Amino acid sequence: MHKLKINSIEITLPYAPYAPQIMAMSSILTSIQTNTPAAIESPTGTGKSFSILCSSLAYANSVQNNGKPLKIFICSRTHKQLDQLVSQLKMTVYRPTISVLASRNLYCVNSKNTGDKNVGCKNLVRENKCVYYNYREKLVKSVLDGGCKSGGVGITDIEEFKSLGKKMLACPYYASRSISEKSVVTFAPYNYLLDPSIRTATGINIKDAIVIIDEAHNIEDVCRATGSLEISSLQLEISMNEILFLYKRKLKDEGKDEALIIINFMQRIRKYAENKINGTEENKDDIFAITNENNVKNITNDVKNVTNDVKDIENSIKDTKEDNKSSDDVKKELLKMCIDSDVVTRISKAIKILRSKEVLSNHTLHLIEAVAFVFKLILNKGKDKEYAYEFVNENSYNRKSKYNYKLNFILLDSSIIFKPLVDNTKTVILLSGTLSPFNIIGDELDTKFRTVIAPSIVNNKNIFIRSISYDGNTQLKNTYQNNNNPNYIKSVAHTVQQIHKNTNGGTIVFVPSYHYLENIKNKLQALNNGRIYTEPNKSGNNDSTNNFDIKDRNDKNSLDGVLKLYRSNIKHNPLLLAVYRGKVSEGIDFSDEYCRNVIAIGLPYSNTRDFSVMSKKIYNDKKNGTGNLWYEINSFRAINQALGRVIRHKDDYGAVFLIDSRYTENRVKNFLSSWVKNNLISVRSYEQCKEEYKCFVEQMKKNKIEKKNVKKSIIEKYISIENITEKNENKEERVYNKNYNVKIKNNILDTNIKEGIKRIKESDRSSYIEKLSKSNETEKK
């Protein structure tokens with residue numbers, strides 16, 4: 001363990017820190033001590049996780065010693081990334097009480113809860129049929145009382161805590177929420193803190209807390225998504241049907257009026273949409289028809305068969321035609337639905353009561369809470385100018401004559417979601433390898449950050465970076481027209497195959513879309529390119545609340561299953577196809593042979609014809625003239641994040657190939673991370689750098705073998721010194737040993753080598769000592 005003092009706080013790390021880590025820790029501590037938000041760009045391989053954990057927990061220890069309570073939230077995008085942080089926390093000396101927040105899908109241990117975990121859990125708890133829920137306090141007590149002391153629970157990730165729940169017959173889902181209220185550190189996906197409805201549901205109190213957000217490069221997108229809303233006809237019908245069923249069958253006196261209010265509210269939205277499609281004026285008499293119990297029958301026939309019609313509705317949404325007509329006045333559209341601020345206030349109160357009764361499915365609850373939240377921002381808080389509105393007529397009817405449409409309310413200003421977090425906490429600290437330019441992120445989040453860019457630790461001799469513009473006479477330029485051009489796809493696949501053939505270890509290829517991924521996969525398979533794996537295309541590919549299940553780890557078609565196959569075949573130099581902005585591009589460690597090469601194809605620009613992208617560009621242009629700049633930065637953050645997969649620590653090595661002719665342009669180069677830009681050489685085709693790349697690969701293999709032999713030699717000498725000095729009092733030999741001890745203190749022996757020495761059997765140690773004693777005698781003579 002290594003100790004150092006920064007800003008009067010003594011910090012203990014598992015090893016001597018790199019210069020970038022010292023900069024990051026200093027910035028984190030300054031932010032906490034001065035209550036100033038910080039944005040820290042810490043490039044790949046700089047030990048960002050240890051910087052976060054050790055600095056914040058060292059501060060917590062110093063404050064708690066003075067008797068002051070402290071709460072720290074450490075957040076990342078996915079639960080996998082949180083598990084990695086928890087794993088690294090175990091390697092430190094710090095043992096705070098922690099909680100890891102996750103969904104029922106991840107934590108539920110009751111075998112009787114099949115199907116929808118959320119609905120099943122609520123029913124079992126309400127009927128007092130869940131033994132795990134009844135004994136949850138037993139698990140809470142063992143964590144809060146025992147902690148990390150002898151016999152205590154210790155530091156646990158999601159799976160370990162779940163196993164503990166099974167063993168103790170206690171519910172880890174409810175226990176984690178109770179523990180979070182009193183724990184020093186809570187780990188959670190960052191949408192748990194950004195989304196007010198999730199904060200309410202999980203009982204998160206951010207007042208005066210320290211919030212540290214890792215992998216924060218897409219924080220703006222998450223904020224905008226949190227404040228945006230999509231209402232589809234299918235969602236609306238299913239939710240209305242559910243609430244109507246509760247009204248008629250399950251709810252007694254308390255809650256019936258609230259259910260009626262929500263049904264009335266949703267009926268207004270539906271009537272507005274149908275009128276818009278039919279081209280008729282809104283009929284207020286129809287919209288307000290559902291005002292009391294006697295009029296419930298007016299909508300019963302409309303929604304009673306929705307469950308049976310779901311498949312018909314889904315199948316009918318084909319070859320749709322969009323009616324992308326937006327209104328400059330979003331508030332005006334809500335008034336056409338006969339929805340004003342008073343209506344939203346009534347709805348919010350009704351939702352609160354129904355939530356407390358835990359009778360609604362998560363699908364319906366999330367929908368009505370999101371509708372109330374967004375409408376409240378627009379009507380009650382005057383944020384209508386920060387929204388774009390789009391009505392999409394999908395122009396298709398099924399045999400039951402149900403309408404198909406979407407209402408999209410798109411938040412254009414991410415600060416509306418982010419600012420309340422900053423205003424209510426002690427400080428918010430953002431970290432990522434790709435945050436700059438800071439002026440843009442500061443403007444987008446309307447926050448003045450204390451900014452730091454830590455230097456890269458990439459050894460330029462260990463990296464090989466080339467951009468390639470042609471394959472033969474075919475220009476490699478990924479445009480919309482080229483996406484389906486067989487000659488272009490064939491040329492890209494040929495270039496990828498040639499690079500991959502000369503690579504020793506895993507290769508990850510990033511492409512702009514899943515459609516492109518399938519095209520190039522087919523071409524590569526036709527070229528018989530060996531073992532090829534692809535990132536699964538799943539809707540809702542965001543492992544933050546309910547979409548990820550631990551059982552996926554045993555499913556070969558899930559991302560975990562694919563990665564397991566990829567890693568197990570690493571000796572065969574496999575190739576992994578993935579998309580920019582996907583799960584593979586961040587939060588997964590591909591160190592050493594698991595990624596010796598990243599091939600980046602094209603530039604992942606968003607579709608400018610997409611209504612939300614177009615609206616955001618226009619909004620930024622009107623606000624500060626940064627529409628195009630925002631668009632460019634959004635794309636290059638995705639590229640830089642993907643390229644960071646190749647170098648994961650200071651001794652790692654690998655290659656980057658940028659397959660697109662536009663990488664020769666200075667405008668494009670300037671958006672790349674400094675470690676990429678500074679080592680980038682442009683060539684016309686792969687043939688021009690093939691021999692150079694082959695030499696690089698061979699040299700790196702040779703260096704790796706030499707380093708391995710050096711480590712082995714140091715281990716042998718360390719063992720001999722450790723034993724011989726006990727038996728030999730010769731002065732000359734003691735000096736000789738002292739010299740080696742100096743080298744050991746200077747970290748020639750890293751932690752892994754020391755651990756390896758401990759595991760050597762005594763018999764092996766004796767043979768080493770005997771052999772080396774003879775060689776030492778020879779050296780003396």
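These entries record what I looked up on a sheet and on ring contacts in a predicted model.

**Sheet.** I first traced the strand order and found an open sheet of seven strands, β5-β6-β4-β7-β12-β3-β13, with parallel pairing. I noted β5 (98-100) and β13 (450-453) as the edge strands, each pairing on one side only. Neighbouring strands of this sheet are turned by 15° against each other on average, with direction ignored.

I then examined β4 (residues 72-76) and β7 (residues 210-213), which pair in the parallel sense over four bridges. Ile-74 stands opposite Ile-212 in β7.

**Helices on the sheet.** I found helix α2 (residues 48-64) lying across β4, β6, β7 and β12, at about 170° to β4. Helix α3 (residues 79-89) also packs on the sheet; I recorded that helix α3 touches β4, β5 and β6 and makes about 155° with the direction of β6.

**Aromatic pairs.** My search of the whole structure gave 23 aromatic pairs. I classed Tyr-272 and Phe-391 as edge-to-face because their ring planes stand at 90°, with centres 6.4 Å apart. Tyr-272 belongs to helix α14 and Phe-391 to strand β10, 119 residues apart. Both Tyr-272 and Phe-391 are buried. The charged end of Lys-276 sits over the ring of Phe-391, 5.8 Å from its centre.

I next took Phe-464 and Tyr-693, whose planes at 45° make the pair tilted, with centres 5.3 Å apart. Phe-464 lies in strand β14 and Tyr-693 in helix α30, so the pair ties together parts 229 residues apart in sequence. Ring pairs link Phe-464, Phe-657, Tyr-686, Tyr-693 and Phe-696 into a cluster.

Key
Residues numbered from 1 in each chain as written. Predicted model: local features only at pLDDT ≥ 70, side-chain atom pairs only at ≥ 80, totals over all residues. Heavy atoms only, no water. Pairing = 2+ DSSP bridges. Helix = DSSP H or I, 4+ residues; strand = E, 2+ residues; numbered from the N terminus. Axes fitted to C-alpha atoms, helices over the stretch in contact; angles between N-to-C directions. Contact = heavy atoms within 4.5 Å. Phe/Tyr/Trp six-rings, centres within 6.5 Å; stacked < 30°, edge-to-face > 60°. Buried < 20%, exposed > 50% of the residue type's maximum accessible area, 1.4 Å probe, protein only. Lys NZ or Arg CZ within 6 Å of the ring centre and 35° of its normal.
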